[in-house]
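User: I've got a new model open and want a quick walk through it. Can you take my questions as they come?
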Amino acid sequence: MKIDRQLLITGIPLIDRQHDEYADLVDRLFEVAMRGNVARETLFRERSAVIKYAIEHFDAEEQLMRAEKYPAYEKHRAKHGIFRDWTDTLSADFEGEVDLDDYTLSLSRWLIEWFCDQVQTDDLKMAAFLKRIAHR
């Protein structure tokens, strides 16, 4: 399962580059998971890279939204908070006794589905706002 890159395009170059980098990281995590029997340290490193990058991306989006006084900033930021909270929970689960292959495949699917949904429902609205104010 790979991310459909078309679902991540907003028309805002910075955001699109970041979405593409996120997709690269998730695709790599998924590929590692598909190999099976991968060392816990490898999965931890790949999973951590995805989550760290997503949070850096959210920080950049939030800074942009604040700078441009995006009216739906709080709602959008709350969605990012859901991701942060959920990945904290997933990280705790990873520390327990879990089937690493199943865990990583499930995580990869969630990272793809959540992110694509968030882009389609929230980032596209933010992008439309940013494009409107850029043309004033």
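User: What radius of gyration does the protein chain have, and what would a compact globule have with 136 residues?
Analyst: Keep in mind that this is a predicted model. The protein chain has a radius of gyration of 16 Å. A compact globule with 136 residues would be near 14 Å, so the two agree.

User: What does the C-alpha trace span along its principal axes?
Analyst: About 55 × 25 × 20 Å.

User: How many helices and strands are there?
Analyst: The protein chain has 4 helices and 0 strands. Along the sequence the pattern reads α-α-α-α.

User: How much of the chain is buried?
Analyst: Buried residues make up 46% of the 136 residues.

User: And the contacts: what share join residues at least 24 apart?
Analyst: That share is 74%, counted among contacts between residues at least 6 apart in sequence.

User: Let's go to helix pairs. How do the axes of α2 and α4 sit relative to each other?
Analyst: The axes of α2 (residues 40-67) and α4 come within 12 Å and cross at roughly 10°. Because of that angle, α2 is roughly parallel to α4.

User: Which residues meet there?
Analyst: From α2, the list includes R40, L43, R47, V50 and H57, and also F58, E61, L64 and M65. On the α4 side, L100, Y103, T104, L107 and L111 take part, along with W114, F115, D123, M126 and L130.

User: What does S108 touch?
Analyst: Setting aside residues up to four places away in sequence, S108 touches V26, L29 and F30.

User: What about I133, buried or exposed?
Analyst: I133 is in helix α4 too. Its relative accessible area is 18%, so I133 counts as buried; the cut-off for buried is under 20%.

User: How far is I133 from Y70?
Analyst: In sequence, I133 and Y70 are 63 residues apart. In space, they are 9.9 Å apart, C-alpha to C-alpha.

User: Switching to α3. Where does T87 sit, and is it buried or exposed?
Analyst: T87 is in helix α3. With a relative accessible area of 1%, T87 is buried.

User: What are its contacts?
Analyst: T87 is in contact with I51 and W110, leaving aside neighbours within four places in sequence. T87 and L107 are 20 residues apart in sequence, with their C-alpha atoms 9.2 Å apart.

User: Now the start of the chain. Where is T10?
Analyst: T10 lies in the segment before α1 (13-35). T10 counts as buried, because its relative accessibility is 4%.

User: Which backbone atom lies 3.1 Å from the side chain of T10?
Analyst: The backbone nitrogen of I12. That distance is to a polar atom of the T10 side chain.

User: What else is T10 in contact with, beyond its neighbours within four places?
Analyst: I15, D16 and H19 are among the contacts of T10. V119, D123, L124, A127 and K131 are also in contact with T10.

User: On to α1. Is R17 buried or exposed?
Analyst: R17 is in helix α1. R17 counts as exposed, because its relative accessibility is 55%.

User: How far apart are R17 and F30?
Analyst: They are 13 residues apart along the chain, and their C-alpha atoms are separated by 20 Å. F30 is also one of the residues that S108 touches.

User: Last one. What is phi at K69?
Analyst: Phi of K69 is near 55°, a positive value in a residue other than glycine. Most residues other than glycine have a negative phi.

User: Where is K69, and is it buried or exposed?
Analyst: K69 lies in the loop between α2 and α3 (73-95). K69 is exposed, because its relative accessible area is 67%.

Key. Residues are numbered from 1 along each chain as its sequence is written. This is a predicted model: local features need pLDDT of at least 70, side-chain atom pairs count only at pLDDT 80 or more; totals for chains, interfaces and linings use all residues. Side-chain values use heavy atoms; hydrogens and water are left out. Contact means heavy atoms within 4.5 Å. Axes are lines fitted to C-alpha atoms, for helices over the stretch in contact, and angles run from 0 to 180 degrees between N-to-C directions. Helices (H or I, at least four residues) and strands (E, at least two) are DSSP runs, numbered from the N terminus. Angles under 35 degrees count as roughly parallel, over 145 as roughly antiparallel, 65 to 115 as roughly perpendicular and the rest as oblique. Buried means under 20% relative accessible area, exposed over 50%, partly exposed in between (1.4 Å probe, protein chains only). A polar contact is a pair of N or O atoms within 3.5 Å; within protein, one must be able to donate a hydrogen and the other to accept it, and residues adjacent in sequence count only if both atoms are side-chain atoms. The radius of gyration is taken over C-alpha atoms; the globule rule is 2.2 Å times the number of residues to the power 0.38.
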